[in-house]
Every structure is written in structure tokens, then in C-alpha cells.
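Here is a short briefing to read alongside the sequence and the 3D view. Keep both open and look up each residue as it comes up.

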Amino acid sequence: MAAILARARPYGVVILLAFVLGVVPALLAAVNLGYPFRLAQLTMIFIILAASLNLVSGVAGLLSLGHAAFYGVGAYTAALLSARFGTDLVVNLVASAAVAGGIGFLVAIPTIRLVKIFFAVATLSVGEIIILVITNWYDLTRGPMGVRDIPGFVVLGMDLGSPLRSYYVVAVVTLVCIWIVHRLSHTVYGNALRALREDDQAAGAMGLNVGMMKLVIFAISTALAGVAGALLAHSTNFISPDMFRLPESILILTMVVVGGLGSLPGAVLGAIVLIILPELGRDFGQLRMVLVGAVLFLSILLMPKGLIGEVTAFDLLRGKPSR
Amino acid sequence: MDAVLLQGIVNGLSLGLCYALIAIGFTLIFGVLNAVNFAHSEVYMLGAFAGLVIIQAFAPPFLAVVFAVAAVGALLGFGLERIAFRPLRRARDEASLKSRALREATLMSSLAVGILVREFAELRFGGDMQPIPSGAMLNTPIALGPVILTTGDFYIFGMAAAMLLLLQFLLYRTKIGLSIRALSDDLIGALYVGINTDRVIVWTFMIGSSFGALAGLMVGLYYGTIFPYMGFAPTLKAFIAMLMGGLNNIPGAVLCALLIGLSESLAPEIMPTRWVDLIAYVFLLVTLIFFPAGIFGRKAERV
């Protein structure tokens, strides 16, 4: 499969754009149900989340277990801004990215120097702290009841709330985010991050500012999670703190692991698989988390490199024939 | 000292001992494999459920339940090691045994097994709290001056003391304990001097998991809260206690667990109850930032 993909590479961007902006909405419009549109939006939101977590956990090798909390910060920023001030989506996206990224940056200052599992546990606690603050700050967030009746997408004064229009809004934002992640991870900068992952002492000896690079990439990743949160708030119209707890972080991590740590196409594919697969068996509703657990376990055991391993992903994105 | 404060201290100590019971097993497993066992919270939960099932079926004397649950825990530890840890230890060379990839892989495989176990427990028993036969609860009040203790306080204290003594005996007086200490000191070195590391790791898991299951039983019967998600919060706090105590340091972990329990029990005096859950996480962050090697720890490479 990778070889076919590699051959299609020169037209890859065109094919991808045509697929995301043409084929999928056309198919969904043909079915003409609200639900598939929502599912498509949710999938794209999780693509952003998986791609951004992949930047930190896959490319830079910092295992984060608190990603969903930053996603929640973004969602709450957008929801409260548009509920209180009726702000535009553009403003909300920027604000969500800034708030989530800013908190990510502040949190990373003390924790980023921790290694291995200690960083994972620190991010887990930070995530729990953030969610506890959101839950308990009644005056601002209405606590565990969540925020209801969040307005749909309004861009530059235009109401883009209909299913097809909001699909396009989410699709465009997702494509932009993917492009950002792609540029970050497939340039010299991305290779520098990989050097940190493999051996940060050696990377430091080569003249990389290890601490600063980790700090910046963590902030960028959390800012992208904030963007995903803003999209979620406007596309579901309802958010509550429980939507951003540890199981959600684990779900995102599972997507990255299943796709292949460090590989952007893998993260995208992982997000699609883990959102669509449980929907196929929706009658088993309760089994969703079972499926997540089983997929995570089997992929760790049987495919440690993921669906599209990092090396293959490189060949794919560089247009070289696969090994 | 007034009675309210004294009562708070007593409650805090028994809460802290509950965390300590979990932390002991956690620390033991971490010490040997240097890997976090995220499924420990499910062993704890299944320990409580196993005790409940046994009590409902046979209503045996309490001591018999304790031994049965310890056996169930050991069995769970054995299975857990086989399913989530051993398959990832295929390579035996130094680089891959010490590699970060392996540690993260076991972290995620134990997380996945934990999710599966919890979800199946929820499918089997439902997500709600289980009704506990009234005779089995460990909450008969005993007034001691102005302070009201319950039988559970004594049982938990006794259990923690017995477990610590047993552990000291196991670690410092038996051959398997010697091997466990050797592994936790240097896995590769232990391999080179001919210790059957796989066997020692299985033993460690069995001991640690039976301690975890017993902790679940005690806490479940003491607070009357047995449900599939019961493991998450206490295990996280026990994990925090382990990190604060300095990783390989069991007495340190116990002391820190007591500290967390005491703070959580006394904090409502000075702050709204709903913020109490923050305390442990703040402790953890403060520890990680200011005492990177843990409060009682040796110097360890973690920054």
C-alpha cells in the first residue's frame, strides 16, 4: 500500500484536497443526514488532536498524558467568549490557541526538564488540575453542568452553521493545522526534534537549545489542541468538563500509537480508525472503551511501529519509493 | 487539641494508610522493572470485587477473606505480567532492556489491559456502587475519648503494619527477596550473575499485586465504595506518594502517603471541600520541581 501511495505522491496534495473538500462532503450531502456530518467533523477534530500530540509524543518523544485538558481549555475559551461576547470564529480560534498554548507554555516551564515517565505523570497531574479548576470555577464555567447552547460557526459575520458549511469550516481549519504540523515535523526543525527524542544530551552537545525547543514544541502542540477544542465547542454546541478527562487523553494517545509514533500520516489514519471503528459497532455503545483498550494493546504488542511507521511515513512524504 | 482536629488527624491517618497500602505494591513493581504498572488500579479494584463475591457466596471469617483475596491478587499479578509485560521483554540485550521505548510500551500495554479489565468489570457488575452486606462493613464505631474510631481504622492499621513487616522479612530475609533487591539495583547485573530474572519479576508482580488487591479489599469494606472505577483516584495518589517518597523507597512512600492523607483530611478546615482533590497533584508538581529525586530518595536520573 505504501508503494502505491508513494507513486501517487506528486499529486498527493491535490488528491487529498479533492478528497477532503470534494468527495467526502458530496457523499455526505448525498446521504443528507446530520449525523454523518457531525461524525466527519469529530473525526477531523481528532485528526488535529492526534497530529498535535504526535508532534510532542511522537516526534519529540515527550509522552504527554494531559493533552485532552488543553483541548478542554480551548473549548472553554471559545464557548465562553462566544456566549459572553458573541465573538467571531476567527477571534475564538486565535484566542483558544493563545490561551491553551499559553497555559501549555507556563506548565512546561517547570515540568519540561523531567524525563521519561516523570514527564508523563506530571502532564497527567497538570491535566487533572486543569479539569478540576474548570469543574470548580462555577462563576466562570458553570462547573460540572457544562456550557450549553454554544452558537455554531460564525465567520466574519457570516452564519456558517448548516452541516455542509460547518463541515467546510472544520475541514479548512484541519487542513491548515495539518500543514503546520507537516512543516514543523518534516523540516530541519523536525529533525532537530527527533534528535532530542533519540538522545537529548547528544543533541545539546550538537548545539541545540534542548530546553527551549521542548518548551516551544509543547506550547505549539497545546495551542493546536486549543484550536481543536474551539472547533469542538462550536460543532457540538455543548461542552462539559467530563469530555476532557484522562480517558480522552488516552484515546488521543492510542490514535498516535496505532498510527505509528512520529508519523503524521499515521496520526491522521489512527484518528480516523479510532473514531470511525467504534461507530460501525454503535449498537455495542458501551464497548467503545473496550475497543480502544483492545486496539491499543494489540497494536503495542503486534505492531510496535504502528500502521504507518515513521520511516515509511518519511518515504511517503518525501516521494521516495518505500523500502 | 480540640476533638475536631484530633478526629481529622485520625481520619487522615487511616486515609493515608489506604494510599500507603496501594503504594507498597506499586513501589515494589516499579523498583524491579523501572516501569509503571498502570493496571495496578484494576488489581486493586478486582481485589475488592473478589472479596465482595467471596463474602456474598460463603460469608467466611474475615481472616479467610484476607487470605483468599491475597491469593486472587497474586494470581492477577501473575496473569498481568504474562499478558502485559513479558511479551514486550523479548529482547534481552542491555540497550533494549534499558530503552525508553520498552518502558513506554509496557506503560501503554498495562494501561490498555487496565482499560479492558475495568470495562469488562463494568459490563459484568454495572458501573454503580455495589451493595455490601451490612455485617461485612468495617465501620463499627468505637469511641475513644472524644474521638470516634471504627473497626476499619484498626484493621487498616494492622494490615499496613503486617504488610510492611512481611515485606521487610521477604526482602531482607529470604532468597527471593535478595533476588528482588538485586534486580531493582541492576537488572543486567542480576542477569549476568545467573539470577532467573523472569521468575523474580513474576514473584514481584505476585507479591505487589496481592498487596494491591488487599488494599482494595480493605478500602472497599471500610468506605463501602466498591465500583469499577474505584481504583483510579486512590492509585494515582499512591503513585504520587511513590514519586514523592523517592521511587525505590518503600518507607518513604508510606510516609508521603500518610502526608497526603492527612492533608486531604485536614484541608477542608481551611478551604472549600471541592478543591481538596487538587492537593495531591500540587504536592506532586512541587516535589517534581523542587526535589527531583523525591523527598526521601537517593539521587536518581529523572531530570
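In chain B, the hairpin of β1(B) and β2(B) has two residues between its strands, and G145(B) takes a positive phi near 65° there. Please keep in mind that this is a predicted model.

**The hairpin in chain B**
- Strand β1 covers residues 141-144 of chain B, and strand β2 covers residues 147-150.
- These two strands pair in the antiparallel sense, over four bridges.

**The fold of chain A**
- Chain A contains 15 helices and two strands.
- Chain A has 323 residues, and 49% of them count as buried.
- Take the contacts in chain A between residues at least 6 apart in sequence: 79% of these join residues at least 24 apart.

**The largest nonpolar core**
- Which residues touch the most other members of the largest nonpolar core? They are A50(A), L21(B) and A23(B), in a core of 200 residues.
- Leaving aside residues up to four places away in sequence, L21(B) touches M159(B), A160(B), M163(B), F211(B), L214(B), A215(B) and M218(B).
- As background, nonpolar side chains tend to be buried together in soluble globular proteins.

**Where the chains touch**
- The contact takes 29 residues from chain A and 29 residues from chain B.
- On the side of chain A that touches chain B, at least two residues each come from α5 (89-111), α6 (116-136), α12 (246-259) and α14 (288-302) of chain A.
- Helix α6(A) gives the largest share of that side, with 10 residues.
- Sorted by class, the side of chain A that touches chain B has 21 nonpolar, five polar and three charged residues.

**A closer look at V90(A)**
- You can find V90(A) in helix α5 of chain A.
- Is V90(A) buried or exposed? V90(A) counts as exposed because it has 11 C-beta neighbours inside 10 Å, and the cut-off for exposed is 12 or fewer.
- V90(A) touches V155(A) and L156(A), again leaving aside residues up to four places away in sequence.
- V90(A) and V56(A) are 34 residues apart in sequence, and their C-alpha atoms are 25 Å apart in space.

Conventions
Residues are numbered from 1 along each chain as its sequence is written. Chains are lettered from A and ligands numbered from 1 in the order in which they are written. This is a predicted model: local features need pLDDT of at least 70, side-chain atom pairs count only at pLDDT 80 or more; totals for chains, interfaces and linings use all residues. Two residues are in contact if their C-beta atoms, placed from the backbone, lie within 7 Å. Ala, Val, Leu, Ile, Met, Phe, Trp, Tyr, Cys and Pro count as nonpolar, Asp, Glu, Lys and Arg as charged, and the others, Gly among them, as polar. A nonpolar core is a set of buried Ala, Val, Leu, Ile, Met, Phe, Trp, Tyr and Cys residues joined through C-beta atoms within 7 Å. A residue is buried if 20 or more other C-beta atoms lie within 10 Å of its own, exposed if 12 or fewer, and partly exposed in between; C-beta atoms are placed from the backbone. Two strands pair if DSSP finds at least two bridges between them.
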